[in-house]
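Here are my notes for your first read through this model. Keep the sequence beside you and find each residue as you go.

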Amino acid sequence: MEKHANAPLANVADLLLDAICVVDAEGRYLYVNAAYERIFGYKPEEILGTRMIDLVHPDDRERTLHVVDEIMGGQPKPHFENRYVRKDGQVVHIMWSARWSEAEQARFAVARDITELKRIERVQAALYAISEAAFAAADLLTLFGHIHRIVGELLTARNLFVALLDENDMLDFPYFVDEYNQRPPPQRLDSDALSALVVRTGEALLLTPDNRSEVLAHGRHLVGRAALDWLGVPLRVSRGVIGALVVQTYAGDVRYSDRDKHLLQFVSDQVAAAIERKQIEARLHYVAHHDPLTELPNRDVFHRRLDDALARARQDGHMLALLYIDLDRFKPINDSYGHDVGDLLLREVAARLRRCVRESDTVSRLGGDEFAVLLEQISHPEDAAHIAAKICHTFDHPCVLGGHSLNIAASIGIALHPAHGSSRERLLRNADDAMYLAKSRGGNQFVTATAGTGNATGVDSQLTD
């Protein structure tokens with residue numbers, strides 16, 4: 001017992017799990033115990049005489065030097081936290097208990113490694129933040145931006161992309177942030193790209209210089225410029241793998257490890273659930289606002305867009321046009337060839353109508369074989385007549401569907417704001433009346449409503465050729 005009691009203090013210090021450090025007034029190491037190597041990676045003989053501040057993480061140096069001044073001014077610090085860069089390049093979080101000895105002209109400190117505790121805290125905060133982002137983000141792209149920021153707080157993620165499977169088993173890249181590469185085109189799931197491999201196998205994959213030849217065997221490849229480290233994890237939900245979350249680095253100052261792989265995989269399940277929730281919301285929103293057959297905006301959406309367009313037109317003094325379209329000879333075709341062919345015909349009509357207008361215009365299916373087109377910010381009434389004529393002419397060519405060559409035409413009524421009304425109800429009524437007049441004249445033509453009345457005046461498509 002007496003022998004142990006008289007054991008040298010240095011031997012006792014080497015048994016401790018925390019690191020003990022002594023530095024001089026200039027901040028150079030005078031002594032470290034054995035635990036220092038376990039925490040920081042340096043043997044005592046490698047570190048003695050070097051400056052303590054040189055090992056502190058660059059982002060924490062200014063704050064650390066400020067605390068050092070306070071300690072040397074006589075203020076002990078029992079719970080100061082900062083980050084150090086280990087010999088192997090990994091970052092460790094340290095909690096210090098330190099004080100200055102005026103008699104010894106040295107600073108004495110005990111360092112505890114709290115890296116794992118910080119990791120747990122960061123993961124918990126990330127899971128909470130991802131859950132919050134899933135509810136707060138207006139759309140998927142906004143959600144991906146939040147995810148990028150959240151992942152970047154767990155590990156360095158300058159370059160991050162999300163690959164998602166579509167209904168055709170193609171990998172799309174809706175979010176792609178990279179220092180060198182542009183967003184790639186969609187890829188087949190059975191391709192040799194590493195992101196496709198992660199989705200196919202459902203397994204996380206870490207590529208480093210040490211395993212590069214093994215991982216990239218059999219034709220496997222990276223998308224774009226070769227990364228130094230590449231880390232991809234599958235996005236898994238209850239129905240299977242829906243995509244992959246990938247980070248990559250091109251510089252030696254950022255490296256990924258197996259610990260990072262496990263960390264990213266742990267949070268990826270929460271990321272996947274957030275993405276799936278947002279996808280379901282987007283799909284429900286789409287179904288609620290679009291005609292399920294033609295995928296055109298439905299009647300409710302058209303009415304809202306017309307109301308908004310009218311408000312803008314009244315404020316800015318712009319002209320707009322409403323085209324009310326009813327198909328000629330659709331009912332006989334539907335009765336003769338069946339509803340399946342009739343549905344194909346309506347989809348073809350929707351496609352042709354979209355090709356006749358600008359991207360900013362709205363084409364809607366109001367119901368049955370009735371469609372509407374909203375033309376905003378037109379300069380002259382002739383602009384609307386030109387589009388109506390273009391629509392009539394688009395049906396000059398028969399629709400070949402289901403082995404049948406089908407001839408169809410359209411009767412179109414045009415109402416203009418402000419000439420034919422300043423409210424949705426008035427414009428719709430005048431355009432509808434004009435459409436029925438066109439149909440009563442034999443169809444396959446357009447009619448423009450009469451200014452200031454609910455009547456319509458005939459202007460057939462031949463006049464605008």
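1. Start at Ile412. Leaving out residues up to four places away in sequence, Ile412 touches Leu323, Tyr324, Ile325, Ala388, Ile391, Cys392, Ala434, Met435, Ala438, Gln445, Phe446 and Val447. Contact here means heavy atoms within 4.5 Å. The model is a predicted one, in which local features need pLDDT of at least 70 and side-chain atom pairs count only at pLDDT 80 or more, while totals for chains, interfaces and linings use all residues. Residues are numbered from 1 along each chain as its sequence is written, and side-chain values use heavy atoms, with hydrogens and water left out.

2. Now widen the view to the core. Ile412 is one of the residues with the most contacts inside the largest nonpolar core, along with Leu323, Phe371, Leu375 and Ile391. That core has 38 residues. A nonpolar core is a set of buried Ala, Val, Leu, Ile, Met, Phe, Trp, Tyr and Cys residues joined through side-chain atoms within 4.5 Å. Buried means under 20% relative accessible area, exposed means over 50%, and partly exposed is in between (1.4 Å probe, protein chains only).

3. Which elements give two or more residues to this core? They are β12 (319-328), α12 (330-337), α13, β14 (370-378), α14 (381-394), β15 (399-401) and β17 (409-417). Helix α14 gives the most, with seven residues. The names follow DSSP runs numbered from the N terminus: helices are H or I with at least four residues, and strands are E with at least two. Apart from this core lies another, of 35 residues, including Ile150, Ala157, Val233 and Leu263.

4. Take a look at helix α13, which covers residues 339-355. Its 17 residues reach 24 Å from the first C-alpha to the last, close to the 24 Å expected at 1.5 Å a residue. The expected span is 1.5 Å times one less than the number of residues. Buried in α13 are Val341, Gly342, Leu345, Leu346, Val349, Ala350, Ala351, Arg352 and Leu353. Ala351 counts as buried because its relative accessibility is 18%. The C-alpha atoms of Ala351 and Val363 are twelve residues apart along the chain and separated by 9.8 Å.

5. How do α12 and α13 meet? Their axes come within 6 Å and cross at roughly 140°, so α12 is oblique to α13. Axes are lines fitted to C-alpha atoms, for helices over the stretch in contact, and angles run from 0 to 180 degrees between N-to-C directions. Angles under 35 degrees count as roughly parallel, over 145 as roughly antiparallel, 65 to 115 as roughly perpendicular, and the rest as oblique. Phe330, Ile333, Asn334 and Tyr337 of α12 make the contact with His339, Val341, Gly342, Leu345 and Leu346 of α13. By class, this contact has six nonpolar, three polar and no charged residues. Ala, Val, Leu, Ile, Met, Phe, Trp, Tyr, Cys and Pro count as nonpolar, Asp, Glu, Lys and Arg as charged, and the others, Gly among them, as polar.

6. The axes of α6 (residues 115-136) and α7 (residues 140-154) come within 10 Å and cross at roughly 175°, so α6 is roughly antiparallel to α7. In this pair, Arg122, Val123, Ala126, Ala129, Ile130, Ala133 and Ala134 of α6 meet Leu143, His146, Ile150, Glu153 and Leu154 of α7. The classes here are nine nonpolar, one polar and two charged residues.

7. Six of the eight residues in α8 are buried, namely Leu194, Ser195, Ala196, Leu197, Val198 and Val199. Arg200 is partly exposed, with a relative accessible area of 38%. After α8 comes Gly202, with a positive phi near 70°.

8. Finally, check some backbone details. A cis peptide bond, with omega about 10°, joins His417 and Pro418. Pro418 sits in the loop between β17 and α15 (424-440). Gln105, a residue other than glycine, has a positive phi near 55°, and Gln105 lies in the loop between β4 (91-101) and β5 (106-113). Arg329, in the loop between β12 and α12, has a positive phi near 70°.
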